[in-house]
Amino acid sequence: MRTRIDMKKVVIVGGGYVGFEVAQELDAYADVTLIEQREAFVQPPATIRALLDPALLDQIILPYDHLLKNGRVVRGRAVSVSQSEVRLQDGTAHPADFIILATGSSYAAPFKPAADSIAAFRKASSDVSAQLAMAKSVAIVGAGAVGTELAGEIAVAQPEKDITLISSDTALFPMYPAKLGAELKRKLERLGVSVVLGQRAQDLQRMDMPYAGSVTLTDGQVVAADLVFPVIGSKPNTSLVQTLPGVKSTPSGRVKTDKWMRPSTCPNVFIAGDIADVGDGMTIVAISRQNPWLIKTLKHALKGKPVEDLKPYSPWKKAPILVPLGPSIGNSWLFVTVGDWITRKMKGKELFIPKYRKAFGLTR
Ligand SMILES: Cc1cc2nc3c(=O)[nH]c(=O)nc-3n(C[C@H](O)[C@H](O)[C@H](O)COP(=O)(O)OP(=O)(O)OC[C@H]3O[C@@H](n4cnc5c(N)ncnc54)[C@H](O)[C@@H]3O)c2cc1C
């Protein structure tokens, strides 16, 4: 029988959607170390509703204590990586046979923790929640999934507010069949949201957190609001992967890989999730396709077989998307546009909270 001492060492950096699941799935097959700078995982899809229902925070901040049965979660910030080890800010080195980097992305407050402090994240969320409760008018700049969901959540929970959702695109979700964006626009307008399309905000005062002020649009119109939310996308955290030899970024700020999700000249170092430009979006839906491939590939490699013998990763052609507007309504594209009932069942009602609590060894 193999003992843990004989097992190959897998070091994973980043305990987000990639890291926690890959670590858990490989825990029985390798000596796994998961390096994460925060003491807990935070579930971003539910940080939007937490602004309207602050008690949700206790449900979506999930400590790593019960994640792994055999391996370990090390709290620390990785600062460099080579073919054979990952080095932390405190000077410790973690030797590895295989390395997976999944350092994810940053987002404007209060939707993801800004740094390594969960207490600071809780405070940012509760401060904005209090400001939102007092605000009579709200402008949301950016109408991707986060902006659209935010507009819907606020309109459903606090219907007396004057909400403006601003997009530089001429339709909501222009990458999807027109029906998805048209239905969501119709539902938002029915909830009283003003949806302004084809207008860019010229003078966002901050990108990192909401503020009281105004935004000037391309046509000169000024939208004043008690709270302006900048929700213009995720910024990939690539400084760690850049310490590897031969890494190349793409214009999106993500990192190129070979066909087997390897970003450098080191054949045993893989990346996935928001930092990896493999043809997928920066979403959990993308990761739900990448993780099974990565787990299968690592299990194969752990047996000493060449990675190149396996089928390369192939991204979603067009990924499904679920867009709730509050707990009960919304639309989704699941290879066909669907409405309230499926969106509620699949995401809107529970926001996957029970699924992730279970994965982290917590009861409902
Ligand atoms: C508000 C919001 C709502 C969203 N809703 C959805 C949704 O409904 N559906 C969907 O598909 N996608 C959604 N997304 C996108 C989704 O959250 C991301 O795609 C996903 O989090 C990416 O996972 P990841 O594992 O690549 O990185 P992350 O989740 O960003 O995790 C990276 C982890 O790495 C850690 N880390 C980073 N650098 C270091 C380091 N040097 N050392 C140690 N640890 C480090 C971080 O602390 C973090 O825990 C949403 C995003 C936001 C902001």
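1. Let's start with a strand pair: β7 (residues 85–88) runs antiparallel to β8, and three bridges join the two. Strands here are DSSP runs of E with at least two residues, helices are runs of H or I with at least four, and both are numbered from the N terminus. Two strands pair if DSSP finds at least two bridges between them. Across this pair, Arg87 stands opposite Ala93 in β8.

2. A word on the ground rules. This is a predicted model, where local features need pLDDT of at least 70 and side-chain atom pairs count only at pLDDT 80 or more, while totals for chains, interfaces and linings use all residues. Residues are numbered from 1 along each chain as its sequence is written, and side-chain values use heavy atoms, with hydrogens and water left out.

3. Back to the sheet. β7 and β8 belong to an open sheet of three strands in the order β6-β7-β8, with antiparallel pairing. β6 (78–81) and β8 (93–95) are the edge strands, each pairing on one side only. From one strand to the next the twist averages 25°, with axes fitted as lines to C-alpha atoms and angles running from 0 to 180 degrees between N-to-C directions.

4. Now the ligand. There are 33 residues around the ligand, and Glu36, Lys112, Asp274, Ile284 and Lys347 come nearest (a residue is near if one of its heavy atoms lies within 4 Å). By class, the shell splits into 16 nonpolar, eleven polar and six charged residues; Ala, Val, Leu, Ile, Met, Phe, Trp, Tyr, Cys and Pro count as nonpolar, Asp, Glu, Lys and Arg as charged, and the others, Gly among them, as polar.

5. For Arg38, a polar side-chain atom lies 3.3 Å from an oxygen atom of the ligand. In Ala78, a backbone N or O atom is 3.0 Å from a nitrogen atom of the ligand. Taken alone, the ligand exposes 1000 Å², and the protein buries 93% of that (Shrake-Rupley areas with a 1.4 Å probe).

6. As for elements, α1 (17–26), β2 (31–36) and α6 (284–302) give two or more residues to the ligand shell. The largest share, three residues, comes from α6.

Note on methods:
A polar contact is a pair of N or O atoms within 3.5 Å; within protein, one must be able to donate a hydrogen and the other to accept it, and residues adjacent in sequence count only if both atoms are side-chain atoms.
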